[in-house]
Every structure is written in C-alpha cells, then in structure tokens.
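This briefing is intended for a reader who is meeting the structure for the first time. Please keep the sequence and the model at hand while reading.

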Amino acid sequence: MTTRMGPRTVRLAATAAILGLGVIGAQSATGATQDEPTSTPVPISTPDGQVSSYVINTKTANPGQVRKAEQAVTATGGVVVQSWPQIGVVVAHSTMADFRTAVAAKANNAIESVGPTRSVAVSEGTPDGVQAPWGPGKGQLRPATKKRDISEGTAATTTDPREGDQWDMQMINVPQAHTITTGSPDVTVGVLDSGIDPDHPDLVNQIDRAKSVGCTDAGRPVTGQDAWAPTTSDHGTHVAGTIGAERNGVGIVGIAPGAKMASVKVVNDDGFIYPEYAVCGFMEAGLKGMDVTNNSYYVDPFEFWCGDQPEQAPALEAVRRAVEWSTAQGTVHAAAAGNSAYDLSDKTTNASSPNDAEVPTDRVINSSCKDIPTELDGVVTVSSIDRAGKLSSFSNRGLGSIDVAAPGSSILSTIVRDNGYGTKSGTSMASPHVAGVLALMKSAHPTWSPDRMISELRAQATDTPCSTTTRGAECVGTPQENSYYGDGIVDAYAAVR
C-alpha cells in the first residue's frame, strides 16, 4: 500500500493526560503543522443532574487498567455502560458536572484521557440492567442540523427485474467480475448503518442474523432482530442492496450476492452515530470475524473531531483504537468521504458542529481535525461520481485524502417502504460499491490481509484524469492520483482477476 504524506498518515494516539478547559483531556499527536492555527474550542456543558456520556481511554489496553478505570467511575458516582478491554476503552454515564476531572483523580494514573461523546443529554437514557442511581435518566435532544444524504424519492417501484437500470454496476465492471466470483458465503460484510430490512425479498436470505447486532443502546451490543432492524431510516437497507442484493429473479442484484451481510446498527432513531456506537460497531466486527465493513456516515456530533482539543480528542482516540483493533483481526473498512463538497486536504473552517446542539459553532479547524472514520488509517476513503464519470457536486475531495472513487449519484437500490426500490445520492451510496468489491476480492483471495486488499484495490482502480465540478475546490493532481478520484475509479473485474 502506498504510504501517503499528510494527515492520513498521522497516528492520533493520545500521549499524555492534560488539564484543559477545566477537564481532563488528551494531548494528541495532532498532525497540525506549526504554521496552522489552533482549532476553535467548543466547550461542552455537562451540568449536574444531566445524564451525560463519556469515553475513557486507559494508558494501556489491558484488563487491569480497564478495571481501575471502571472502579474510578463507580467511585465518582458514575456507571460503567460498556468496557472494551481489548482497546482500553470504557463507556460511562454520569450526572456529575465535574465527572471528567473526578474520575481521572480516582484512577491512580490509569487513565490517559476522558471526554464527552455528545453535547446534549443521553437521549436513550442509561440502558436497562445498568445499576444507575438516577434511574433510566432519559434526556431530550434539541433540534438537530445533521447533514443527510440526498434522497431522490423512496417510493416503491415495480418488483420486476431492475438489473438493466443499474448503470453503476456496468460502470465498475461488476457483470464481468461475476464471471469469476459472485462472492463466498464464508465472507461477511458488516453494514454499520441504520439497520437492514429483515424481510425484503432481495435481502431476506442475505443477512447473517447470528452476527448482526445493535449498538445504539448507549454503545452496548444487543443481539436480536429488534436491536438491528431499521426503525426510522431506510438508509442501511439501501446501502445493503448495493452490496449484496440477492440474484433471485426480482428487483436488483448487488455486487456480492454470494456473500453474507451483518446488520450492525449504529444509527439511532434521531439519525445520530455517536462515538460509543461506532466503537461498538467496529469492535463487534472484529469480534465476530466480519471480513469487510461499510461505513456510510461520519461520527457525530462533530463533522471534524479535532485532535488539538481536549474535549474532542478522547472520542477521536477511542474510535481510532476500535478501527485499528478490528483491522488487526482481519477486517477491512470502506467509508464515505462525506457530502460537504469539502477539500479534506485543506481544512480551514467548519460551521456544522456540534450538530446535536441548538446552534452549531463557527470554528477554525486544522489538519488535526478528522472526519471519522473515513480519515483514519486503514480505512478506504471513497468519493462519489455521477453517471458521466464526473465527481458528484456534493462529494468531499482532497489530494492524498481520497483512495478511490465509485458511483454515488442516483443509485437504485432496496428500500424499506413496501419492500421496494428507490434511488438515493451521496458518498453513502459510493462507499458500498467499494465494500462490495472488497467482498468479492476476499472471496477470490481469502488469505489476503486488509493491507493487501487495500493495496490491490487501489492498484487496480482505473486511472482517471481530473474532471470539472459545479461546486467546491477544483481538481488537482495527475491521472494516476488526484484530489477527485484518488487512485482512480474502482474496477470490480480488475480487482478480482
């Protein structure tokens, strides 16, 4: 795999616990250059009596250090919601305003960093079974400004075969790839999203129910269909159809119809993916032996989490650890680049975060600020192109930030309503094309590691010269690698040969 210079290559592991903004935070290896401004602080209020959620990162990832952190949580009147000793991360709830400083003081130097995961109260409350002195403690979300993918209507269409309408599959040579493999049932793609419709005719036989899990109960893994099936959003169902809709004589055909999918629900009913949900999703992918994950989201409430900010760095680090650990277990990750027409290689300002607050903060950002998980090491960052092969106007871009491009405009796939079909646009639709291709690659080459798969995916992508777009920064770079297409447009046939 080509080593890239710039923000993608910077490891964000926190190196020391520091006092800042009246809380304990992490001073990360930020990657910001000396001539960059410090990012704008966004203080997060956790008043007494409000149930607030935190991630705690221990200095060493082992059961002993995690146990010390858990004991510190209890000693300060908080509760442990979930622990991940494999990566030294604890998810905790507390109603104390000074929880962050108090828990660090009680931990006997075991804690590297602790920080909030949201700017509001925990909307789902503390999970049943967790002995919280305040009871369920549900909070209320304030009006949200979260960016959504662009929907072009999700009305049900005919259930007659629609394969001829899937221009996207033709563009990336999926039919040709299917002459080699349609995917192995031994390969599982974890769809980290809003859930997969369990009875859609194109998906019902494609879901590995034993590996499926819900992560939106404050970051605790919960099994059973009620935990991982969709409720308020068909986003995950649409993504799943692109990856693995069954070849069965109805509807559409996915890229890897012979593989299996696990529904890993990380999107709550308000549309948010908080850090503890994402950590749970990546950990479950690694623990359950999923080969590929698709991540068509960014972790809320910050579109960009800044490593030079003590209140944001801990959650950034927790997600980074989870991605790194699951990769070490053999899971390769694809992620959407984002829909803000932003140049990820030239970060200056942001006005969308925190998106769960009444009023987001206009802030200066720098190269320490990451769109996660897509900008983390070991994650394939996917930009979106349209039917003409041009960068979609909404797609994020950036030289050294984009790995490959894939179709993401007006993509036909499965939806929940009437078990039907509809089109959506977004980098969320581009990423599952790459996840599906990775599933075919793993099927054809079961011994390949995540690094090998990413290297081959990029090497086999179709070199594409710069195009024009109607919005955002102009394309820079060469046909071999540029800010719009990265190493090129993904090619399913070339990738599996």
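The points below are grouped by topic.

The model is predicted.

- Strand S3 (residues 52–58) is joined to strand S5 (residues 89–94) by six bridges in the antiparallel sense.
- Strand S3 is also joined to S6, through five bridges, and these two strands run antiparallel.
- Tyr54 can be followed in both directions across the sheet: it stands opposite Ala92 in S5 and opposite Pro116 in S6.
- Ile56 has Val90 as its bridge partner in S5.

- Because seven of the seven residues of S3 are buried, the strand is largely enclosed by the rest of the structure.

**Helices on the sheet**

- Helix H7 (residues 275–287) packs against H8 at an angle of about 10°, and the two axes are 8 Å apart.
- Because angles under 35 degrees count as roughly parallel, H7 and H8 are roughly parallel to each other.
- On the H7 side, the contact is made by Pro275, Val279, Phe282, Met283, Gly286 and Leu287.
- On the H8 side, the contact is made by Ala315, Ala318, Val319, Ala322, Val323, Trp325 and Ser326.
- By class, the residues in this contact of H7 with H8 comprise 11 nonpolar, two polar and no charged ones.

**Nonpolar cores**

- The largest nonpolar core has 53 residues, of which Met261, Val434, Val437, Leu438, Met441 and Leu457 touch the most other members.
- Helix H9 (residues 427–444) supplies the largest share of this core, with nine residues.
- Leaving out residues up to four places away in sequence, Leu438 touches Val292, Val332, Ala334, Met453 and Leu457.
- Another core, of 43 residues, lies apart from the largest one and has Val91, Ala262, Ala278 and Ile372 among its members.

**Backbone features in loops**

- Most residues other than glycine have a negative phi, and most peptide bonds are trans.
- The peptide bond from Asp300 to Pro301 is cis, with omega near 0°, and Pro301 is placed in the loop between strand S12 (292–295) and strand S13 (305–306).
- A cis peptide bond also leads from Ser353 to Pro354, with omega near -5°; Pro354 is found in the loop between strand S15 (349–353) and strand S16 (361–364).
- Asn173 has a positive phi of about 65° although it is not a glycine, and its place is in the loop between helix H3 (167–171) and helix H4 (174–177).
- Ala341, likewise a residue other than glycine, has a positive phi near 50°.
- The loop that holds Ala341 is the one between strand S14 (332–336) and S15.
- Because its relative accessibility is 10%, Ala341 counts as buried.

**An exposed loop residue, Thr223**

- Thr223 is placed in the loop between strand S10 (220–222) and helix H5 (225–228).
- With a relative accessible area of 57%, Thr223 is exposed.
- Apart from its neighbours within four places in sequence, Thr223 is in contact with Ser212 and Lys288.
- Thr223 and Val264 are 41 residues apart in sequence, and their C-alpha atoms are 9.8 Å apart in space.

Methods:
Residues numbered from 1 in each chain as written. Predicted model: local features only at pLDDT ≥ 70, side-chain atom pairs only at ≥ 80, totals over all residues. Heavy atoms only, no water. Pairing = 2+ DSSP bridges. Helix = DSSP H or I, 4+ residues; strand = E, 2+ residues; numbered from the N terminus. Axes fitted to C-alpha atoms, helices over the stretch in contact; angles between N-to-C directions. Parallel < 35°, antiparallel > 145°, perpendicular 65-115°, else oblique. Contact = heavy atoms within 4.5 Å. Nonpolar A, V, L, I, M, F, W, Y, C, P; charged D, E, K, R; others polar. Buried < 20%, exposed > 50% of the residue type's maximum accessible area, 1.4 Å probe, protein only. Core = buried A, V, L, I, M, F, W, Y, C linked by side-chain atoms within 4.5 Å.
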